[in-house]
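Biologist: I have a model open and would like to go through it piece by piece. Please show it first.

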Amino acid sequence: MPSEEELIASVDALLEEEPQLPPPAERTRLREAAGVTRARLALALKTSAQMVKAYETGSSEPKEPRLTAYQRLLNGWAAKYPADTTPAVQQPEAPQVPETFTGPATPVPTDTKTAAPVSADQIAPEPRPARPATSRRPAERKTAQPATDSRFPNGPLAVLDGHGSAYGVDDLVMHCPATTIPELVEWTLTESGLGAARLHRNGKDADPLIVLTTEAAVKLGLPEHLEGHEQRRSLRLPEDHPAVKQITRAKWQLTQRGFGPWARVYRKAQGRDRQCVQLAILSWNALDERSWPGVADMDPADIARVLGTYATRVTTPRGSTAVSGLELMTALRPPTRAVREAATGAWTSGHNAGSLGTDPVDPAPPEATPEHPVVVETGWTGGFLNEEAYQWARPVDALTGQECTLPFAIGLDLNTAFLAAASRLTVGLSAPDHFHAPAFNPKIPGTWLVDLSHIELDPRLPSPFTPDGTRPTGPAWYQTNTVAYAQELGHDVHPIEAYLRRETGAYLDPWHDRLKAAYVDTLADLGVTRDLDDHAFLAAMETYKQTDPAMAAVLSAIKATVKGGIGKLRERPQGRQYKTGERWPALERPTWRPDIRAAVISKDRTNTHRKVMKTAQLTGLYPIAILADCVVYPAPGESPLSVLRHGVGGDAEFACDGLRAAHLPEQDRYRRGARKHARADVAAKIDDAVRTRWQPQVRKRRQRQAATTGGITVETRARFGYTAPIGTTDDGRFRRLTVHLPATYAQRLFDARNAGASEGEMRGIVAEGLKDVYFQDGGSRATGLSDVEINDIDYLDLDF
């Protein structure tokens, strides 16, 4: 039996321990019972409303002296507002999620306290201040907002200024007392409440991102700019820099890339929780101006808004937009998943179906680059894939007389064309196997050696089989989509050999879906929605950058993520020290997959050809140049509608809607010579082609050719009346015709025009030609038809 003195000593020891707070749900009940808002409580505790929310969800606990003050307040409220004694229904405990592995060991915390998990539906969301609306959302699309994760109450990132203020999402401002990089890392992991939940159940959470302004970088002991030739060349601090030494002394580590514009500070993984912080230094050009226009010069709060929106809709940035695009693929298709062993019941890491796995795969020789070890070691000389985007300009002698008279060139920019090509795209997931003389199967992704040089297409359009639009000259390597398109056009294909993959899947589908949703939602924020009519749509696209520069920067970053992510699938070696035949770091990634890049670009190029061919069939318009995703047309006016509404009524609107629904074409970008984003040599080709078509000698040459051998093409929509034998119809009705008349009719038309013939006389020559060629088919049918009249002309175009 213990003595009275022993019992009193034990009780005194308990009293001297740290105060114990009530459960998180009780904390919320007491505050609400007292009628106090989180913002008011935060003011009393000298903290933020987001931290109060973290206390009430259990994802964070206050430290002294705030802990004692909070305990005192809760005890006082508990005395005033006792809990209801009615028994509550016990909620079933959520099952434990097995530990998962998604690849090589990743740095995780060793001593960070982890709060018990709280389900999202138990969190009482705090009302957010309303931001003025700048646009209407598309009525047909409602994007679900991501559920708040109790472990990361303050969002994915913060922007730190030189005064110790850390700006987060939703206008959050926190105080950061750190004066060194190690202190900043400790504060981020223990007090900030920053981070983002995994995008896939088998994936991993995103590390918190701290963006340093110039003033913050200097305050933390970093140089304002990377100094000296070596630092600028390597894009990182030397190992003997004081900031790097501080990190090492504090038992933290840097990745192999060192301390550069995007530095990662971590400790070795022990357990499930990660202990890693991503830093971005703005004054070291962490945000490329081409991808993030104007963001580096914004105020910290606006930078946080831009990056926070991108992180919420796409992913937390971990480097350039190209790096983020590639990382997003892995985050949405993790290489591994947790698998329970039948014998022991233990959880182990297993392959995640549909992913690229954890091991890199060498490409087939024709899919590789010339410096790749596969090519050098095997002495490969059989040629390479050349699946690239269009860089084509129509030859001057292929321009028609009518095109030469049009005063404008309009560029239709098909935004996110690569993203559209990634949709429902089946790609290979395994290593390639070699086959000789296989039967072509459009459902099998791979690389085929096939001769497409016999295929003859309209010379006014580029060849769909080559990036420069020229006709193939013999056997060459093509990706499956290119060969399938040749088959779609009605031609037989007979592969000579092929490298094919047995395991396939739509690897890029979740990547496409997430980026498409981000793109459409951001456009809607800028006032560009699908319910706008054509004129309003073009006006919105013309001014969206001025509507909200922050959201315009997000849109630019999303587009750069698409192109950069696809480009990273075939990252080339860098540095002057590289020697041909050596492996370079990118080859050790499972995501170094030039075959997938080729599949996306091949589908994009064939999609473009299919689109311009359909537009030509509907409107009679043919492009004069194509640069990647920009199609340039000759036009009678300076508006894109002068191309898309080329007098054919519903058909032209169909063509326009098809373009908009898929890619939302941007305003004309090559108008009056004001070109953007074109390489100098390509811009010169376009300029030469556009300028040359007005030369009088070109028109004369085309006219002479039409009158002697080429003939003339008539495109019209009009009411036709007939004089025919009794018992047959001569009722006039509207027809839309595109008919090629022989050279004799072209000569008659030119002679009549030169002689000053009236419009009625020239219309009679055209009607006679249509009767002969179209209605009577050269005398093989409708022989009793005596006269054809053209009345109520909607439009009539002559092309030669």
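Below, questions about the model are put and answered in turn.

Modeller: This is a predicted model, in which local features need pLDDT of at least 70, side-chain atom pairs count only at pLDDT 80 or more, and totals for chains, interfaces and linings use all residues. Residues are numbered from 1 along each chain as its sequence is written, and side-chain values use heavy atoms, with hydrogens and water left out.

Biologist: What is the mean pLDDT of the protein chain?

Modeller: pLDDT is the predictor's confidence in each residue, from 0 to 100. In the protein chain, 78% of residues reach 70 or more, and the mean is 81.

Biologist: Over residues 86-146, how many contacts does the model have beyond near neighbours in sequence?

Modeller: The pLDDT is below 50 over residues 86-146. Where pLDDT is low, the predicted coordinates should not be read in detail. With contact meaning heavy atoms within 4.5 Å, the number for this stretch beyond near neighbours in sequence is 103.

Biologist: How many helices and strands does the protein chain have, and what share of its residues is buried?

Modeller: Helices (H or I, at least four residues) and strands (E, at least two) are DSSP runs, numbered from the N terminus; the protein chain has 25 helices and 22 strands. Buried means under 20% relative accessible area, exposed over 50%, and partly exposed in between (1.4 Å probe, protein chains only). Of the 800 residues in the protein chain, the buried share is 49%.

Biologist: Why is strand β6 described as largely enclosed by the rest of the structure?

Modeller: Trp-262, Arg-264 and Tyr-266 point one way from β6, while Ala-263 and Val-265 point the other way, and all are buried. Strand β6 (residues 262-266) is therefore largely enclosed by the rest of the structure, the buried count being 5 of the 5 residues.

Biologist: Which residue in β7 is the bridge partner of Val-265?

Modeller: Two strands pair if DSSP finds at least two bridges between them. β6 pairs with strand β5 (residues 253-254) in the antiparallel sense through 2 bridges, and Gln-253 stands opposite Tyr-266 there. With strand β7 (residues 276-281), β6 has 5 antiparallel bridges. The partner of Val-265 in β7 is Val-277.

Biologist: In β19, which residue is the bridge partner of Phe-408?

Modeller: The order β10-β18-β19-β11 belongs to an open sheet of 4 strands with antiparallel pairing, and its edge strands are β10 (391-393) and β11 (408-413). β11 is joined to strand β19 (residues 630-635) by 6 bridges. The partner of Phe-408 in β19 is Ala-635.

Biologist: Which helix lies across β18 and β19?

Modeller: The helix spans residues 594-619 and runs at about 20° to β19. Its name is α19.

How values were computed:
Axes are lines fitted to C-alpha atoms, for helices over the stretch in contact, and angles run from 0 to 180 degrees between N-to-C directions.
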